[in-house]
Amino acid sequence: MAALWRTCAHTLLLQRGHLIGWAPVCLAAGIGLYFSLLVEPGWPVYAGLAALVAFCAALARLAGQAIAPLVVGAGLIAVGIMLAGARAHVVAGPVLGWRYYGPIEGRVVGIDRSASDAVRVTLDRVRLFNTAPDRTPGQVRLSLHSGIEGAQPQPGLRMGATGHLSPPSGPVEPGGFDFQRHAWFQGLGAVGYTRVPLVALAPPDGAQPMFRIRMALSARVQSALPGETGGFAAAIMTGDRSGMGQDTLAALRVSNLAHLLAISGLHMGLLTAFVFAALRYGLALVPWIALRAPVKPVAAALALVVAAFYLGLSGGSIATERAFIMVAVMLVAVMLNRRALSLRAVAMAALIVLTLRPEALMGPGFQMSFAATTALIAVFGWLQHDAVPRGPKWLRPVLAVVISSGVAGLATAPFAAAHFNQIAHYGLIANLASVPLMGVLVMPAAVLAVCLLPFGLEWVGLRIMGLGLDWILSVAHWISAQDGARGMIASPGPWVLPLLTIGALIVILWQGRMRAVGVFPILAAAILWAGAERPRVLIADTGGLVGIMTPEGRALSAPRGDSFIARNWLENDGDPATQEEAAARWPDRAIGPGGIQITALRGKRASATLADCAANEWVIMNTSPPEDLNRAAGCKVFDPSALRPTGAMALVAKGEGLRINTARGLAGARLWNTRRKTRGASVYQ
């Protein structure tokens with residue numbers, strides 16, 4: 001036992017100097033634990049966690065060098081739980097608790113485009129008819145359906161319309177993406193749509209200057225570069241994607257080039273790298289400055305200012321904030337004469353992001369961004385440390401692009417497949433043909449356009465930028481048109497990504513031969529993913545759609561309606577079929593696990609024809625059942641009122657029987673989905 005302890009202590013001591021990389025891992029473990037809870041922690045839990053943190057802080061001072069890191073790690077896990085809980089309470093706001101139809105008034109604070117290609121506006125300072133202010137959501141998002149005329153959305157414009165609003169919906173299937181949680185942290189209290197013309201109630205109030213500048217710049221860009229090229233340029237420069245069509249977005253996704261749209265690490269890195277290099281060499285060309293000022297730190301400081309302006313101009317999304325923090329950490333390291341690209345810098349950036357926005361951990365942006373950055377730094381560090389031959393100098397930039405594209409693609413592929421259920425088979429080719437052009441042509445031309453904007457000559461830079469974007473779009477459309485360009489994959493179980501991540505982190509961060517242990521969690525994750533089984537039966541929370549797994553794939557009960565739910569079910573199955581194709585699979589006699597007969601009825605006319613409900617029959621409908629329905633023993637009827645407390649349902653085969661999972665049961669009773677009664681109306685609090 002003593003020998004084993006000495007071995008463990010020696011192994012832990014070998015990690016000294018490399019422990020900073022594990023700090024965000026422990027913090028993320030605590031955040032992930034908070035989001036996995038089924039019950040919202042109360043103040044006694046937080047008091048206990050605070051006491052645990054204080055105890056760990058005191059014990060770390062007394063413990064030996066081998067034990068102290070373990071104690072600090074336990075304390076960071078507790079801090080992660082507390083941070084996530086505090087953030088969830090800080091962003092709390094009223095959430096609409098009923099379906100609303102009537103007048104909607106608010107100030108425009110966001111403009112984007114939905115998956116159905118409709119322009120959406122986000123409104124704050126909301127007013128709803130006959131709704132008290134304390135029950136009115138702070139922000140709502142409204143889709144403007146096609147054919148609408150009237151006032152055009154502008155930043156700060158107070159607008160009104162008659163439309164439909166409803167609370168943010170829960171997961172479309174048990175264990176699926178929780179939009180209620182996402183909307184809670186976004187500050188959205190209701191979502192809906194309108195089909196009538198918008199009315200301007202008051203002129204723009206002059207607030208949100210960066211938003212106004214962003215939309216004005218987007219309009220200037222799209223006027224100089226019409227069509228999809230202008231929409232692409234506006235998305236890169238300002239974050240406004242409202243000019244991008246769904247066909248182009250689909251082509252970029254299938255070719256694995258959709259990351260070029262998001263203002264994230266690539267854009268922020270290319271922009272600051274170009275600005276830093278231009279300033280550094282430009283200042284060095286002036287002898288008076290080069291001999292009297294530290295050119296490199298000054299260039300880094302000015303590049304940081306440009307990056308901050310780009311952050312504000314882009315709208316300050318979570319992805320852009322994350323990219324800015326990573327770039328800021330690296331530029332500060334340059335100003336302090338430290339290594340800019342190191343695992344230590346990545347760890348510091350991750351700590352800052354998780355502290356400011358703990359909920360970012362659950363999104364694909366955070367996971368893919370830090371996976372790519374960590375893998376790139378680790379691989380290039382290994383190549384440099386082990387003095388791997390890199391060929392002649394003229395070939396090294398080409399090899400660097402190939403290696404970086406391959407490593408980043410490999411590191412992000414599991415997360416992209418888990419979240420988006422697709423694999424871009426030709427993504428490496430598309431990125432090799434497009435990413436270098438972003439660095440050498442597109443981003444420098446964008447900077448040139450902004451510099452020439454005050455003189456009315458921005459078209460010079462934009463035309464050059466358009467040449468590069470036209471090439472990228474042509475690559476995206478060509479790649480996406482190839483046979484087998486997109487591969488579909490089923491969603492993994494809840495343990496797959498955590499196991500995969502911890503295994504990869506052990507391989508990268510651990511010092512010594514024991515890093516090989518990280519291969520086992522990776523293999524376990526691959527086995528679990530390969531053996532993951534999809535539910536035999538899925539039932540939508542509206543009662544309007546049922547999906548049964550058949551040998552040909554999932555069969556859907558309706559060819560139209562609930563299209564968002566149908567699309568998500570099929571994507572999670574890894575099934576490329578459309579809703580109409582899946583509906584053609586619906587059998588004449590639908591049988592679920594355990595011999596259950598499934599009857600799906602849609603609409604009042606169909607439900608009115610239901611007279612009998614046999615034993616071992618499940619009837620799912622989106623309206624109330626007839627009052628004179630003859631129910632046999634063992635019959636179950638699921639209508640909207642029965643599905644409301646459970647949410648979406650799934651039937652999973654378990655041995656000879658079955659297990660019933662509900663969306664609410666797996667999500668638990670949390671802040672974002674818990675209701676309380678107020679004056680006879682159900683509202684979220």
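**Reading helices, strands and confidence**

Reply: Two packed helices are described by the angle between their axes and the distance between the axes. Here helix 2 (residues 22–36) and helix 4 (residues 68–90) pack at an angle of about 50°, with their axes 7 Å apart. That makes helix 2 oblique to helix 4, since angles under 35 degrees count as roughly parallel, over 145 as roughly antiparallel, 65 to 115 as roughly perpendicular and the rest as oblique. Axes are lines fitted to C-alpha atoms, for helices over the stretch in contact, and angles run from 0 to 180 degrees between N-to-C directions. Helices (H or I, at least four residues) and strands (E, at least two) are DSSP runs, numbered from the N terminus.

Me: On what kind of model do these values rest?

Reply: This is a predicted model, in which local features need pLDDT of at least 70 and side-chain atom pairs count only at pLDDT 80 or more, while totals for chains, interfaces and linings use all residues. Residues are numbered from 1 along each chain as its sequence is written, and side-chain values use heavy atoms, with hydrogens and water left out.

Me: How is pLDDT to be read, and where is confidence lowest and highest in the protein?

Reply: pLDDT is the predictor's confidence in each residue, from 0 to 100. The protein averages 84, and 91% of the residues score at least 70. Confidence is lowest in strand 21 (residues 681–684), at a mean of 34, and highest in helix 2, at 94.

Me: How should I read a sheet, and what is the order of the open sheet of four strands?

Reply: Strands of a sheet pair through backbone hydrogen bonds, either parallel or antiparallel. Two strands pair if DSSP finds at least two bridges between them. The open sheet of four strands has the order 12-13-15-17, with mixed pairing. Strand 12 (590–591) and strand 17 (636–638) stand at the edges, each with a single partner strand, so one side of each lacks a neighbour in the sheet.

Me: Which bridges join strand 13 to its partners?

Reply: Strand 13 (residues 597–601) runs parallel to strand 15 (residues 617–621), joined by five bridges; Ile-598 has Trp-618 as its bridge partner in strand 15. Strand 12 and strand 13 pair in the antiparallel sense over two bridges, with Ile-591 opposite Gln-597. These two strands form a hairpin with five residues between them, and Gly-594 in the turn has a positive phi of about 75°.

Me: How many residues join strand 10 to strand 11 in their hairpin?

Reply: The hairpin passes through two residues. Strand 10 (residues 546–550) and strand 11 (residues 553–556) run antiparallel, joined by four bridges, and Met-549 stands opposite Arg-554.
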